[in-house]
Amino acid sequence: MVRTAGTVKNEFTILKRLRELDIPYAVRVMNHKELSIETVTGTPVIGMEMCGMSLKTFVTTLWTNSRSKSRWRDISIITRQIFQCLSKCHEMGIIHRDIKLDNIMLKSCEPLEIRIIDWGLARDVKTRDETLSMGRAGM
C-alpha cells in the first residue's frame with residue numbers, strides 16, 4: 001500500500017485514540033502529542049513501540065518444526081488477543097479494515113503477546129469523518 005499524507009495522518013489520529021482508550025494488543029504510538037516530520041524529506045513519521053516478527057513469519061517459519069500441541073496453544077492465545085483488541089475497538093467505533101497476518105506482530109514470545117499494526121485504513125465511525133481512510137484494504 002502506498003502511504004499518502006492522508007493515510008499517515010489518519011493512522012496517527014487512530015493510534016492516538018487507541019492509546020487514550022488503552023485498547024489491549026493495539027500497537028502503541030510513542031509520539032502521541034503530534035505527528036513528527038522527517039527533516040530531510042519532510043515525510044510524516046509515526047514512532048511506535050518496537051515489535052518482533054509478523055504473525056505470517058511466525059507461522060511459516062517457527063511452526064514448521066514445533067510440536068502440534070504447542071501450536072494449538074499458540075493459536076488459542078493469539079486468536080484470543082486478536083479478538084480482544086478488535087472487540088474493544090469495535091465497541092469504541094474503530095474499524096481496522098486491513099486485518100491480515102502481516103499486520104499482526106509478535107510483541108514477545110514468552111509470554112506470547114501480539115500487537116495489531118497498520119491502522120492507516122482504519123475508520124472511526126463515531127466521528128463520521130468521510131475524509132478519513134480512503135483506499136483499498138488488503139493491498
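Is Asp-118 buried or exposed in this structure? Asp-118 is buried, as its relative accessible area is 13%. Keep in mind as you explore that this is a predicted model.

- Look for Asp-124 in strand S6, which covers residues 123-124.
- With a relative accessible area of 7%, Asp-124 is buried, because buried means under 20%.
- The side chain of Asp-124 makes a polar contact of 2.7 Å with the side chain of Arg-17.
- A polar atom of the Asp-124 side chain also lies 3.1 Å from the backbone nitrogen of Lys-126.
- Which residues does Asp-124 touch once its neighbours within four places in sequence are left aside? They are Ile-14, Arg-17, Met-92, Gly-93 and Ile-94.

**Backbone angles to look at**

- Here is some background: most residues other than glycine have a negative phi, and most peptide bonds are trans.
- Asp-22 is not a glycine, yet its phi is positive, at about 55 degrees.
- You can find Asp-22 in the loop that runs between helix H1 (5-21) and strand S1 (36-37).
- Asp-22 has a relative accessibility of 53%, so it counts as exposed, the cut-off being over 50%.
- Asp-118 is another residue other than glycine with a positive phi, this one near 60 degrees.
- The loop between S5 and S6 is where Asp-118 sits, and Asp-118 is buried at 13%, whereas Asp-22 is exposed at 53%.

**A cis peptide bond**

- What is the form of the peptide bond from Glu-110 to Pro-111? That bond is cis, and its omega is near 0 degrees.
- Pro-111 belongs to the loop between strand S4 (104-109) and strand S5 (112-116).

- How many disulfides does a search of the whole structure find? The search finds zero.

Conventions: Residues are numbered from 1 along each chain as its sequence is written. This is a predicted model: local features need pLDDT of at least 70, side-chain atom pairs count only at pLDDT 80 or more; totals for chains, interfaces and linings use all residues. Side-chain values use heavy atoms; hydrogens and water are left out. A disulfide is a pair of cysteine sulfur atoms within 2.5 Å. Helices (H or I, at least four residues) and strands (E, at least two) are DSSP runs, numbered from the N terminus. Buried means under 20% relative accessible area, exposed over 50%, partly exposed in between (1.4 Å probe, protein chains only). A polar contact is a pair of N or O atoms within 3.5 Å; within protein, one must be able to donate a hydrogen and the other to accept it, and residues adjacent in sequence count only if both atoms are side-chain atoms. Contact means heavy atoms within 4.5 Å.
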